Amino acid sequence: MSDLLAAENLHKRYFDGSSELHVLRGVSMGVGAGEILVIMGPSGAGKSTLLHILGALDTADEGEVTYDGLGFSSLSGSMLAGLRNHHFGFVFQFFHLLPDLRAIENVMLPAMIDTGVFAWLGRKRAVLERAKELMELVGLGDRMRHKPGKLSGGERQRLAIARALMNRPRIVFCDEPTGNLDTATSNDIFELIHTLNQDEGLTFVIVTHNKQLAERADRVLHIIDGQIDGIQLEPAQDPQSDEEIH
Amino acid sequence: MQKYQTFIGFRYLRTRLFTILSLLAVQFCVAVLMVVLCVMWGFDRDLRASIRGSLSTIIIEGQFGDEIDDWEEVVDEIKNIEGVAYSAPYVQSLCLIIANNVKLPSRVKGVILDKERTTSKVEAYFKNGTKQRLDFNLEMEDGDSLQPPNPGAVVGTELARNMGLRPGTKVRFIASRSAARFRPDEFTVVGSFKSGLYDFDLHHVYVPLEDAQAMLGMGDAVTGVSVEVTDGASPSDVRERIKRKLGSICRVETWEDRRRNFLGSLAIERRVQAVIIGMVAFLAGFTILATIWMTVKEKTKDIGIIKSCGGTTFGIMSIFVFNGFYIGVVGAALGLALGLLFLSYINPIADFIEGLTGFSVFPKTMYYIDKIPVEFNVNGISWILALAVIFCVVYSIIPAWFASRLNPVEALRYE
Ligand SMILES: Nc1ncnc2c1ncn2[C@@H]1O[C@H](COP(=O)(O)OP(=O)(O)OP(=O)(O)O)[C@@H](O)[C@H]1O
Ligand SMILES: [Mg+2]
């Protein structure tokens, strides 16, 4: 398989006292390089859980995720952190920006995580340039010094996207990126995602309830009762990603 | 150390009430510890000086309280012993001092000033007195000095004050010594000395050696010989060498041997102090723990975000330990400044409070010392500062560890 990211038979259970909640019941899937994959499903189906496991933020009880041929279970905690830093970007429904940092500092965060205090002295200028570029790209060129609290919802989400892109990741995971935004703003965000996908070949894995966004995806996976339900191919697009169902 | 650890660490410290409160807490603790300890060390130093009195580093006396008949021979014998710098003969006796119809017990010490100044601080004491005399002569109005008709005596300032003694006053001594002629000798007060040790200044009188010998009927004999050791020589080693040389005719002691009992109780006190101070520091450290803990609680979501951006467990931990370290270093520096400021003005402050409230902060007769003593012990102060920083770091490690263990998914799940 030429999948960039692949999940094999993932299981996730939560225990609440004596009762067991089996959230993921054997999910297998793949994400091809350069595609936009949308995951849909009813609330509580386990979409976020799956996304977190795919993004190495959480671990599965059973099964394995492989990125570029590397199994997550063979990697140490700091190697997984490195993976999240260099190869993955995250965009969340609630933006999740650091309130104490200015907009541009939020964008620079992944680079600061990647750079030692002394190396920073040499790298700072380049990082700042890149952060400015990204802020221009997402249309926040005049909001660099704002604290996130002073930005609107749409602006915050665009800022979060800029941050996710800082270290030139290969995959960006989005958990309901437009869940808190109105239709017009959501459309802006779609546009941005699309442009990034087309221009930079970025891979997106997006959990959403938004039908419009799903229509523009390369592929849509439905999760029902902790399992992948079906596959929808956008007929006009990307013939190479006819992947497995489960 | 990655850039974000210090960057975010600093940002968490900025403009937060907790930061200011914990900085103040550390500053206050350091300053209080410094003031208390420096005064305690000062007391210790002065108490030791007080306990030591006019004792020289090493004292040679006759075995069983006998006199030394030929002190020049003793001085000759020990002169070349390694570590012996100076030696001086003295006569000492308990006397009743009588003047202006007042009688007080006192300790009369007969010395050869030129020799005595090499083995004790007598010179400095005399200089601090009302008359800066370095002989036993009486100073005349025109500045000339005059050998008084009676032998001269230099009395402690407190004694002079208590008995109304001034230059020219006649005093008599009644010695407790059995061999003394039973005829009160008349001396003339030529000046007073001041050691700053209340007890010492209240009870001591210096007179010329031969006059003391005459008064006590000792002939050429002396009570003992004071010895000062060379710089860096160990007094107890020198004592052993002198003992070996002089054999058993003489008793050779260091001043600490002589005052063993008093010094022993000082040492016990010091141990108790150390325990109490350790407990205070331990409790004060909880302020830091609470502060960092609050920060961690407040920043739970941030921790999830940083982890999602690739922050490691160690990285998260070091953000908060860095906070503790920063609070420790800055708080200790502020505390050092406050402590030094307070200590430099401690006596004016005490006087001011006394003037304001009428409450005597420091009644001097009670402490035998005439002002609040302060010892700026650089080693000790460094220890306080180092401990403050260490405590802050150690106490921040606990909440930092919890922070670093937070599950990022849990931290991020809800708005
Ligand atoms: N830490 C946890 N402990 C117990 N149960 C949990 C925990 N985390 C998630 N769950 C449960 O797992 C299930 C799946 O959660 P998840 O957030 O993945 O759903 P979702 O598909 O993203 O739903 P939504 O569309 O509402 O965001 C839910 O029923 C949730 O209650
Ligand atoms: Mg969800």
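Reader: Is B:Glu240 buried or exposed, or in between?
Author: In this predicted model, the relative accessibility of B:Glu240 is 30%. Buried means under 20% and exposed over 50%, so at 30% B:Glu240 counts as partly exposed.

Reader: Which residues are joined into one network by salt bridges that share partners?
Author: Over all chains, the structure has 26 salt bridges. Through shared partners, some of them link B:Glu61, B:Arg251, B:Glu253 and B:Arg258.

Reader: What is the relative accessible area of B:Glu116?
Author: B:Glu116 forms a salt bridge with B:Lys109 at 3.8 Å, N to O. B:Lys109 is buried, at 3%. B:Glu116 is buried too, and its relative accessible area is 0%.

Reader: How many residues apart are A:Arg170 and A:Asp68?
Author: A:Arg170 and A:Asp68 form a salt bridge, with the closest N and O atoms 3.0 Å apart. A:Arg170 is in the loop between helix H5 and strand S7, and A:Asp68 in the loop between strand S4 and strand S5. The pair links distant parts of chain A, and the separation is 102 residues.

Reader: Which side chain of chain B has an N or O atom 2.9 Å from a nitrogen atom of ligand 1?
Author: Ligand 1 lies between chains A and B. On the chain A side, the side chain of A:Thr49 has an N or O atom 2.5 Å from a ligand oxygen. At 2.9 Å from a ligand nitrogen, the chain B side chain is that of B:Glu410.

Conventions:
Residues numbered from 1 in each chain as written. Chains lettered and ligands numbered in written order. Predicted model: local features only at pLDDT ≥ 70, side-chain atom pairs only at ≥ 80, totals over all residues. Heavy atoms only, no water. Near = heavy atom within 4 Å. Polar contact = N/O pair within 3.5 Å; in protein donor to acceptor, adjacent residues only side chain to side chain. Salt bridge = Lys/Arg side-chain N within 4 Å of Asp/Glu carboxyl O. Helix = DSSP H or I, 4+ residues; strand = E, 2+ residues; numbered from the N terminus. Buried < 20%, exposed > 50% of the residue type's maximum accessible area, 1.4 Å probe, protein only.
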